[in-house]
Amino acid sequence: MPHGSLSLPARLYLLSWDTTRLRVTGASQLPHLVRAGALTELAQRGLLTDEEGVVRVTDPDVRTGDTVLDGLLELIAESRPRKWKSWVTSRTGVTLDAVREQLVAEGYLGVGRKRVLGVFPSVDYTLERVPVVSALRTDARAALTGPEPVDEVGDRDAAVVALAVAAEVRTFSSSKERRAHKVRVDALTARSGAVAPALGKAIREMQAALAVAVTSVAVTSS
């Protein structure tokens, strides 16, 4: 993908935008998706490791230079030990807010302020780089549908597909497409965690956590 400067959580956030209606979708599970993306990238970089299912920071002094990823590293280092599934759902607003601030600073999002019911302050985000996000989606969908062999897809690109499908991001793929490409999604999931066996296990756990989050939202909304 020609979007190397974008972190995995930033890509997943932008993929959740409907570029036709210019609004974000899946707002209820978006914090979990973005957090799973940040955890995955940190693990792929070797900055998080799995110790019997518990997430550990490999070196508390190392930083990535990315404010979103570094903020999560500090949060994990300073918190009690948790498993991957717990980190997908714990204090997710911290990471989501950091991603939005980063994308505003880089010009992907615009921001305005308003008052709900004329009283409560609220932030209103707008998508500013629609063609870039459309291109990002096109590239990610190419990784989902092929024809590029799975072993030639980058690990971060593979993780985009694995997590977006697990979270059922409607602006990325339909339920019919997810069923049709299940075998390839499974292969891309394995590809995204190919750096280490423990990473592959962690990504599958995060997929499961995202699936639970999506189901919970559906039940609550019904």
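Analyst: One term before we start: a residue is buried when its relative accessible area is under 20%, exposed when it is over 50%, and partly exposed in between (1.4 Å probe, protein chains only). This is a predicted model, where local features need pLDDT of at least 70, side-chain atom pairs count only at pLDDT 80 or more, and totals for chains, interfaces and linings use all residues. Residues are numbered from 1 along each chain as its sequence is written, and side-chain values use heavy atoms, with hydrogens and water left out.

User: Okay, is Gln102 buried or exposed?

Analyst: Let's find Gln102 first: it lies in helix α5 (residues 92-105). Helices (H or I, at least four residues) and strands (E, at least two) are DSSP runs, numbered from the N terminus. The relative accessibility of Gln102 is 10%, so this residue counts as buried.

User: Which residues is Gln102 in contact with, leaving aside neighbours within four places in sequence?

Analyst: Contact means heavy atoms within 4.5 Å. With those sequence neighbours set aside, the partners of Gln102 are Ser7, Ala10, Asp66, Thr67 and Val68.

User: Which element has the lowest mean pLDDT?

Analyst: pLDDT is the predictor's confidence in each residue, from 0 to 100. The protein averages 90, and 92% of its residues reach 70 or more. Helix α1 (residues 8-15) has the highest mean of the elements, at 97. At the other end, with a mean of 77, is strand β5 (residues 109-116).

User: Which residues touch the most other members of the largest nonpolar core?

Analyst: A nonpolar core is a set of buried Ala, Val, Leu, Ile, Met, Phe, Trp, Tyr and Cys residues joined through side-chain atoms within 4.5 Å. The largest one here has 61 residues. Leu48, for instance, touches residues including Leu39, Val55, Ile76 and Trp84, not counting those up to four places away in sequence. The residues touching the most other members are Tyr13, Leu14, Leu39, Leu48, Leu103 and Phe172.

User: Within what arc do the buried residues of α6 fall?

Analyst: Helix α6 covers residues 130-145, and its buried residues are Val133, Leu136, Arg137, Ala140, Ala143 and Leu144. Look down the axis: they line one face of the helix, because they all fall within an arc (taken from the directions from the helix axis to the C-beta atoms) of 120°.

User: And which exposed residues does the face of α6 turned away from the buried side carry?

Analyst: We've seen the buried side, which includes Val133 and Leu136. The face turned away from it carries the exposed residues Pro131 and Thr138.

User: How many residues apart in sequence are the parts that Arg11 and Asp157 tie together?

Analyst: These two form a salt bridge, a side-chain nitrogen of Lys or Arg within 4 Å of a carboxyl oxygen of Asp or Glu. For Arg11 and Asp157, the closest N and O atoms are 2.7 Å apart. Arg11 belongs to helix α1 and Asp157 to helix α7 (residues 155-166), so the parts they tie together are separated in sequence by 146 residues.

How values were computed:
Expected span 1.5 Å × (residues − 1).
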